[in-house]
Amino acid sequence: MTWDEHIRKLIKLAYEAQSRAYCPYSHFATGAALEAENGQIFLGCNIENAAYSPTNCAERTAFFKAISEGVREFARIVVVGNYEGKQGDYCAPCGVCRQVMAEFCDGELFEVILARGPEDYRVFRLRELLPEHFGPEDLRDQQ
Ligand code: THU
C-alpha cells in the first residue's frame, strides 16, 4: 500500500467515526482517526452536551481513548468535519486539541492531516499548527 492509499484508508475511517458524532447543538459533525506508532488506530467523534462546555472534540476523544488503553506514541491524526453534512472546508483542530496533541507528540514529527473529501487532504506537522507551545518540558528543571 502506498502512503497515499494509507491516508485514504484513514480518511475513510475518520468519516466512519464522524457518522457517530453527537452534535445536536452545533450540527457540526467531526471525526478523527488517530494512528499510533504501533499501527493501532483509534477513532473519535465530537460529543456535545446540553451544558455546552463539557463538549469533547473528535480529536480529543480519539486521544483519550488511546491513552486510556495505554498507548502514548502517535504518528498521525486525520480530521474531518462539516456542517449539516454539507461539503465544507478543511476542519483544523481547535487550540485545546492542539495542546493535547503537544502533550504526547513530537511537534516536528506528528502529522495532522485535514481532509475535506475522500481524496482531498492537506498534511501539516503539529509544530506548524502550534508553534511556541507550553509543554511537559517546561515543567522540568532546565538547568
Ligand atoms: N469540533 C471538533 O470536534 N474538532 C475540531 O477540530 C473543531 C470543533 C467540534 C466541537 C463542537 O462539537 C463542534 O465541532 C462545533 O464547534
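How do the residues of the shell around the ligand divide into nonpolar, polar and charged? There are seven nonpolar, four polar and two charged. Here Ala, Val, Leu, Ile, Met, Phe, Trp, Tyr, Cys and Pro count as nonpolar, Asp, Glu, Lys and Arg as charged, and the others, Gly among them, as polar.

This is a predicted model: local features need pLDDT of at least 70, side-chain atom pairs count only at pLDDT 80 or more, and totals for chains, interfaces and linings use all residues. Residues are numbered from 1 along each chain as its sequence is written, and side-chain values use heavy atoms, without hydrogens and water.

**View A. The shell around the ligand.** The ligand is surrounded by 13 residues, each with a heavy atom within 4 Å of it. The closest are T30, N46, E48, A58 and E59. Strand 1 (28–36) and helix 2 (58–68) each supply at least two shell residues. Helices (H or I, at least four residues) and strands (E, at least two) are DSSP runs, numbered from the N terminus.

**View B. Polar atoms at the ligand.** A side-chain N or O atom of E59 is 2.6 Å from a ligand oxygen. For N46, a polar side-chain atom lies 2.9 Å from an oxygen atom of the ligand. A92 places a polar backbone atom 3.3 Å from a ligand oxygen.

View C. Five strands form an open sheet in the order 2-1-3-4-5, with mixed pairing; two strands pair if DSSP finds at least two bridges between them. Strand 2 (41–45) and strand 5 (120–125) are the edge strands.

**View D. Strands 4 and 5.** Strand 4 (residues 111–117) and strand 5 run antiparallel, joined by six bridges. G117 stands opposite D120 in strand 5.

Conventions:
A polar contact is a pair of N or O atoms within 3.5 Å; within protein, one must be able to donate a hydrogen and the other to accept it, and residues adjacent in sequence count only if both atoms are side-chain atoms.
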